[in-house]
Every structure is written in C-alpha cells, then in structure tokens.
Amino acid sequence: MARALGLALALLAAVSVTVLPLVSSADNDDYAHCEGAVKGWADSVGEGDDGADKLNLKDLLFFLHIPRTGGRAYFHCFLKKLYTSAQECPRSYDKLRFDPSHPDCKLVVSHDDYSLTSKLPKERTSVVTILRNPVDRVFSTYEFSVEVAARFLVHPNLTSAKSMTTRLLKKTRGVSTLDIWPWKYLVPWMREDLFARRDARGIDKTKSSKKVNPYDVDDMAMPLHQYINDPVAHEIIHNGATFQVTGLTNNSYFDGAHKVRHCVRKHPDLGRFVLQVAKNRLDRMLYVGLTEDHEESARLFAHMVGAQVLSQSGILNLDIQEDPPSGTDSHSSMLDQEDEETNEHMNSTDGWSSNNALNTTEDDHGKGNMTVGKLMETYESCIASLRKSQSSRRKISLKKVAEANFTKAARRQVPEAILKQIISLNGLDMELYEHAKNIFTQEHLMLKGQQPMVVQYKHPVVVQDKQLAAQKDWIDTVCDSWNCSTWKVVALGLGIAVTTVFIAFAVTSRRTLKLKI
C-alpha cells in the first residue's frame, strides 16, 4: 500500500515537472501574442497631426456620446438649436449608412465609438465628448437599465413583451432604445432578469419583503453587486469610456477590436497602450466636458462650439460677450445631479410616445442675430422642461419595482467594498477621467483668457465710434446755425490757429518776464 502510494506521488511529481513548464510557456506565448496585438493596434492608430488646429470647428461635428454622461441633453437642447434637421446626418444613435461627403451633412451624434471616424472625412471632422466619474457612470448605467427594462413589466409575461415590442417597432419604423448601443444589449438582459424575479415572487407583488437599500433588492431586481460582476458588464460597461474613445467596444467598426479588448482584460498591464491612445484622442478633441461640472461644461460648450456653429451659419451677432444674467437664478433651471440621471435616451420604447419636451424644440435659424448668451438661455429653458418630464417618467417606469427607488442618498448606502470593486474594475476609466479633468481646466482657463481679449478688441472701436459721433454732432450743430461753406470753414480754421498761437506766445512771454524780475 505504502509502495503504491509512493509510486503515485512520484508519478504526479514527474507529470508536474513536465506539464508546468509547458503551461508557463503557453502563458508567456499568450502574453507575447497579446502584447504584439495591442502594441500593433496602438501604433497603427497613431494620430498623424499635432492637433494644432483642434480648436477650430471643421465642416462636420461628431458628438461621441458616452452613455450616461448627460449628452442627450446637449443633443436636444444645444445641437438641435444650432443645426437644422437637414444638416443632421441620418440615423443618429444607430449604425450610420450615409454618404459623409454630402455637403449638407454637418452633424453626427451617436453612441458609436471612435472607430466611426473611419467612415468620416477625418480632415473635415471635429470631435467632442463628455466624460463622467466612472463610479457614478456605472451606477447610472445600472439604474437606467432597470428603469427601461421595468417598463416592460406592464405585460403579463416576457413572451408578450417581446412580441408587442416587435409589432410596434415595425409599425412605427422609429429608432427605439432597443436599437441603440449599449442598451440593445443591457436592456434585454435586465428585462429577462426582471421577469424571472417577478415570476418567482408573484406577478401582483410590487414591493419587496426585504428592508435593504434599493441596490440590493434581490427579489425585485438584479442587485448591483451581481450586475457589476456579470460577464455582460465586463464586456460592455467596465472601462467603457476608454474603449469607446479608442474605438474598441463590441460595437466597433474595427474588426480586431474584440482581440485587443480581450487581451487588455486578460493582461491588465497592456491597458497602458490603450489608455495612451485614449488620452491622445481627448487632447485632439475640439471640446471635452464633464458631467459633474454641468453648468460650466454647458457654458464652455456654448462658447467653444456653439459660437463657431453660429458664426459659420452667419447668424451670430459678433457681440459675443459674457452670458448676460437672466431674470432667474441659473441654478434653478439647470439639472442637478439626481435629475440629470434621466435626461438621456427618451426615444419611444415599447410603443410609448416620446417625451414632449424633446419634441417641442424650436428651430432658431433665420430668427435674426443669436448671441452665446441667448443660446444659453434657450438651453436652460430646454433643460428645465427635461427635468420636470423625465423625473415624472422615471417614477412611472419604476412603479412595478417600487423598492428600486434610486437616489443619491441611496447610493451612499452601498457598501464600501462594492465601491472599491467598481473603481478596481474601471482603472482605465478612472485615469482617463483624471486626464479629462485636466483638459477641462485648460479649456476653462483658455476661455477665461480669451474673453478679455475680445473685450479689448471691441471696446476701443466702440469708444472711437462714440467720439466720432460726438464730433459729428458738434459740427452739425455749428453748420446748422451758420450756413457752412468752404471759405467759412477755412476762415474759422485759420482763426482758431491764430488764436492758439497768440495765447501760446502770451503765456511764454509772461513766464520770461517773471524769470527776469
């Protein structure tokens, strides 16, 4: 018995000595293969220019909309005021099929990643985007997934929900949330989970029997800790901003995106190559905003992007001054952080009518001169409408999962261990966000430095004009009372000159006389 055991152990040792080097060699080969793939991709996408003219708006504007950053508000409340429907490239928020060389196509707004630029005329395209604190973005993505999926709970079962959705989409031929990346993956996934949990607890039960925080109501909705650890979240959500800016999402036009993304996840240290590409691309963008600094981001967008669009369209009043104070506090008309969660993706889903606030946008083109201040006033009014309507819609959407009452206060109940895990899973996004904050600070300082120059350029002209006007008024007054003619003007001039010389001579003689005495 002892001898047989000894032989078995010896055989196991021999196998280990033989197999382990092979495994180690295979790991090394895999790393080397991945390193080559990632570095090769990074080298191939190197920017050819130094970005010196990045601040100049080019013919085509591509708004790279990272989900849950507040970009939908910019689309409806800024860009739809700046561009006509004819100038907007067709099928925004969907795989685009259009001729970018068409002269009327001047605006692309999409969740498509940066690889979309391979379909656009690069030398004629400016790119803008907004970034958000990665932890908040993960929270918001989870909340929105639950919110939209919960709308389908009005149906008796999942089969009914799917069939009804299919029929309605065919009838309306519109673009719904289910057509848009990443929601076309995240919402069906969450919808299936919600129906499964409802079937388990009973269709009539809309309140949880557990007194826990809204992010851990496991008999109602998928808990947050389960959500962030699911393979779907790893594929789409974590480090999503970095992969979107680099064009490496699962929605990429680049055929090798999956391979590069897989290698970075398997060998995290290779992420440094991807991160550097993302930083370089942000550096070359016309504008980078921050969700957390909503008011200043909107102001910078109006000045850096809006003013140029208006100028190119010929309807900008050249008097671009600091935004004039409005009659009400601007804070009251801006979305606060909690309300901002619901300002995106208000497309019709499950046959629901689209939000009225988004459909009542006015076309300000051709309505006379537009200033940046007026543009901001229009934006704030639009935002106020969004805040009211979307807050109401969110409450309606979550009625069937009442315990999922997502608020900022509820977020603070989430265990610190989960927050640390979210940070760990989004290391690339955390570093990219810090880089975006530095760019944002530079934008702020640059604009602050530019505005006095605009004032210095304008004000002397204004003062000079006023002086000329005053002189003209004086001359007109004299001429009106003295029948101006050429000889009279000449005589008046000579008289003034002689009088001036006489006075100067008298003053000089008087001073000389005093010195002699």
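Two strands count as paired here if DSSP finds at least two bridges between them. With that in hand, here are some close-up views of this predicted model.

**View 1. Strands E1 and E3 run side by side in the parallel sense.**
Strand E1 covers residues 60–64, and strand E3 covers residues 125–131. The two are joined over 5 bridges. In general, strands of a sheet pair through backbone hydrogen bonds, in either a parallel or an antiparallel way.

**View 2. Four strands form an open sheet.**
Reading across the sheet, you meet the strands in the order E2-E1-E3-E4, with parallel pairing. At the edges sit strand E2 (107–110) and strand E4 (287–290), each of which pairs on one side only. From one strand to the next, the twist averages 15°.

**View 3. Helix H2 lies across the sheet strands E1, E2, E3 and E4.**
Helix H2 is made of residues 71–82. Its direction is at about 150° to that of E1.

The chain has 517 residues, and 45% of them count as buried. Among contacts with a separation of 6 or more, 82% come from residues 24 or more positions apart. The chain exposes about 26400 Å², with carbon and sulfur atoms supplying 57% of that area.

How values were computed:
Residues numbered from 1 in each chain as written. Predicted model: local features only at pLDDT ≥ 70, side-chain atom pairs only at ≥ 80, totals over all residues. Heavy atoms only, no water. Buried < 20%, exposed > 50% of the residue type's maximum accessible area, 1.4 Å probe, protein only. Contact = heavy atoms within 4.5 Å. Areas by Shrake-Rupley, 256 points an atom, 1.4 Å probe, with all protein chains shown as cover. Axes fitted to C-alpha atoms, helices over the stretch in contact; angles between N-to-C directions.
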